[in-house]
Amino acid sequence: MRLTVAQALVRFLSVQFTERDGVRHRTVAGMWGIFGHGNVAGVGQALLEAGQEAMPFHQGRNEQAMVHAAVGYARMKHRLSTLACTTSIGPGATNLVTGAALATVNRVPVLLLPGDVFATRPADPVLQQLEVPWAYDVSVNDALRPVSRYFDRIWRPEMLPASLLQAMRVLTDPVETGAVTLALPQDVQAEAYDWPDELFRERVWHVRRPLPDAAALAEAAQLLRSARRPLVVAGGGVRHAEAASVLAQFAAATGIPVAETQAGKGSLRWDHPQALGAIGHTGTAPADAAAREADVVLGVGTRWTDFTTASGSLFAPGTRFVNLNAAAFDGHKMAGLALVGDARAGLAALAAELAGFRAPEREYAVAEWRARTAAVLGQGDGDGGGGDDGPWPPSQAEVIGALDAVLADRDVVVNAAGSMPGDLHKLWRSRDPEQYHVEYGYSCMGYEIPAAIGVRLAAPDREVFALVGDGTYLMLPTEIVTAVQEGVPVNLVIVQNHGYASIGGLSAQVGAEGFATAYRFPGASGDFTGAPLPVDLAANAASLGLEVFTPGSAKELRTALAAARNSPRATAVYVETDPARPAPGAEAWWDVPVAEVSARPATRAARAAYEASRPAPGSRPTL
Ligand SMILES: Cc1ncc(C[n+]2csc(CCOP(=O)(O)OP(=O)(O)O)c2C)c(N)n1
Ligand SMILES: [Mg+2]
């Protein structure tokens with residue numbers, strides 16, 4: 001079949017399917033794109049020719065945001081389906097780098113198709129070409145190599161078929177997956193070639209659920225049976241593997257309490273009898289207490305990041321770890337016993353090995369924590385009432401409480417960066433495994449709005465609320481226009497606190513005195529402590545086409561959230577928060593080193609506090 005390289009690529013992608021548990025999905029269900037001279041005549045023409053059914057198209061505004069949308073989509077689809085992103089060469093391509101890193105860090109599949117410079121080199125340098133004098137085969141797309149799990153540059157048409165199959169392998173592999181980049185020189189995209197029909201036959205990529213090795217399972221069961229204070233830590237792998245209900249059964253049957261990482265939050269309903277809530281630096285008091293006294297910890301699908309381990313300080317020396325993980329790389333962390341396998345299949349197998357086992361009874365102060373949570377959420381006895389005459393402006397926690405009161409169980413909250421992820425991790429009461437969608441592997445400001453669009457495209461039957469800090473809003477509001485254009489009725493909650501509040505707090509703590517973290521005029525001293533900026537984000541959101549609500553009381557906030565939820569349009573609820581009433585502080589440490597020498601008293605005091613709080617050398621069990 002004679003087609004251009006770009007036409008062959010689109011045709012191939014339109015007949016790829018993923019299968020797990022007998023359910024089929026389009027592996028690449030659509031494509032985001034911004035056209036330039038590096039892709040308009042190749043991939044752009046091919047999309048036009050293929051038609052919307054073969055490859056639905058979404059017009060992007062910023063290439064980074066396109067990747068965020070694809071990640072939101074793929075995560076919501078449990079990595080069984082994703083979206084591709086086509087870009088021009090040069091800046092359009094390098095704008096992908098941050099999104100690619102985010103996808104790869106979070107192990108979420110996205111297919112990136114940056115244009116590239118001419119393979120035939122008729123007139124180097126072409127517009128936007130980087131020339132590296134000592135390495136003439138390098139283009140800016142090489143910046144995508146370290147952040148991609150598979151990278152290839154299609155210098156000749158003949159290279160395409162084998163590379164496409166490798167790209168699909170990585171996209172559909174639970175261990176390998178992440179950003180997959182096929183760089184497409186602009187002349188090659190438009191070049192015709194006679195392709196074998198075999199390339200375009202329908203293919204089904206079966207996503208495996210491997211079982212851990214029997215000997216390892218037996219050893220893990222023995223270790224857990226011997227434990228006096230076992231603990232499960234649920235990570236993102238639980239969600240990817242759709243293992244929530246198996247985990248709930250496992251916890252109920254064994255009585256082992258469950259704590260959740262950011263990626264794993266929502267694995268258990270917040271009020272499940274074994275649920276301790278969030279773990280680590282942004283954890284709950286009962287979960288962090290359980291971690292401190294645990295003797296055997298079963299990590300399920302977790303990468304053990306510093307937020308989870310409180311920078312290595314959370315678990316006592318001598319704690320034994322069993323890590324059920326699809327990736328051996330993570331399975332062996334924390335000097336653990338690796339159960340290399342799928343979270344759902346592995347948990348079921350482990351439950352069978354543990355038949356009859358019941359963890360020793362132990363009380364954690366869960367009821368106290370839940371009452372405390374309800375109070376800071378402005379929910380009194382936690383029944384969702386009592387918040388209507390709450391204080392104004394609300395605390396950030398009260399905004400979370402209002403959302404909790406208004407949202408239905410299947411609604412989704414999306415967030416990634418700022419002070420909100422920590423507050424959400426600690427306080428949010430997840431009622432559905434898909435409800436809590438916080439990207440904290442890369443914690444990338446600007447993820448929220450495009451990811452909410454991706455989530456909604458993946459789950460059109462769910463209402464989606466993106467919690468958007470003013471800093472995040474200003475970084476990447478661009479895809480609001482796409483939501484308006486395509487009628488994707490996502491809801492933003494714009495949380496105004498006039499700057500990078502989370503970093504302002506951290507800055508004060510590390511002796512940097514909040515320097516340049518508020519959105520204020522520079523002032524006489526030039527340290528950004530002047531008057532607040534005359535910026536109106538509500539007007540800005542309205543100008544981009546959103547239906548905007550600006551509540552002026554606690555009661556109006558709930559009414560506005562409900563109206564936004566019911567609106568057929570994309571909306572924003574704009575709310576200014578009270579920084580004087582922060583959420584409960586950290587129960588566990590996080591390592592951010594403080595300047596060792598300084599002329600400033602605040603820095604010296606912070607350094608002294610850092611040295612006093614830092615765990616003694618050698619006391620971190622996992623290093
Ligand atoms: C792309 C990116 N740049 C910088 C950071 C570092 N950072 C983390 S939170 C934050 C401030 C976010 O401000 P805002 O969205 O207003 O949330 P707030 O902290 O005020 O809650 C910054 C700059 C980041 N996470 N992502
Ligand atoms: Mg802010």
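**View 1. Gln 52 and the backbone nitrogen of Phe 57.** In this predicted model, the side chain of Gln 52 reaches the backbone nitrogen of Phe 57 at 3.2 Å. That is a polar contact, meaning a pair of N or O atoms within 3.5 Å; within protein, one must be able to donate a hydrogen and the other to accept it, and residues adjacent in sequence count only if both atoms are side-chain atoms. Gln 52 sits in the loop between helix H2 (40–50) and strand E5 (57–59). Helices (H or I, at least four residues) and strands (E, at least two) are DSSP runs, numbered from the N terminus. Pro 421 is 369 residues away from Gln 52 along the chain, and their C-alpha atoms are 36 Å apart.

Two notes apply to every view. Residues are numbered from 1 along each chain as its sequence is written, while chains are lettered from A and ligands numbered from 1 in the order in which they are written. Since this is a predicted model, local features need pLDDT of at least 70 and side-chain atom pairs count only at pLDDT 80 or more, whereas totals for chains, interfaces and linings use all residues; side-chain values use heavy atoms, with hydrogens and water left out.

**View 2. The open sheet that runs from E14 to E17.** Six strands line up here in the order E14-E13-E12-E15-E16-E17, with parallel pairing. Two strands pair if DSSP finds at least two bridges between them. Strand E14 (275–278) and strand E17 (337–340) are the edge strands, each pairing on one side only. On average, neighbouring strands of this sheet are turned by 20 degrees against each other, direction ignored. The axes are lines fitted to C-alpha atoms, for helices over the stretch in contact, and angles run from 0 to 180 degrees between N-to-C directions. Strand E13 (residues 258–260) runs parallel to E14 and is joined to it by three bridges. Look for Ala 259: its bridge partner in E14 is Gly 277.

View 3. The order here is E19-E18-E20-E21-E23-E22, six strands with parallel pairing. At the edges are strand E19 (436–438) and strand E22 (547–549), and each pairs on one side only. The twist averages 20 degrees from one strand to the next. Strand E18 (residues 412–415) is joined to E19 by three bridges, and the two run parallel. Asn 415 stands opposite Val 438 in E19. Helix H16 (residues 396–406) packs on the sheet and touches E18, strand E20 (464–469), strand E21 (491–496) and strand E23 (571–576). Contact here means heavy atoms within 4.5 Å. The direction of H16 makes about 160 degrees with that of E21.

**View 4. Ligand 1 and its shell.** Ligand 1 has 16 residues around it, and Ser 419, Asp 470, Gly 471, Gly 499 and Ser 502 come nearest. To count as near, a residue needs one of its heavy atoms within 4 Å of the molecule or strand. An oxygen atom of the ligand is 2.7 Å from an N or O atom in the side chain of Asp 470, and a backbone N or O atom of Gly 471 lies 2.7 Å from a ligand oxygen atom. The protein covers 77% of the 580 Å² of accessible area that ligand 1 has on its own; such areas come from the Shrake-Rupley method with a 1.4 Å probe, and for residues only the protein chains shown count as cover. Helix H19 (470–475) and helix H21 (501–509) each supply at least two shell residues, and H19 gives the largest share, four residues.

**View 5. Ser 443, beside ligand 1.** A nitrogen atom of ligand 1 is 2.8 Å from a polar backbone atom of Ser 443. This serine lies in the loop between E19 and helix H18 (448–458). Phi of Ser 443 is near 40 degrees, a positive value in a residue other than glycine.
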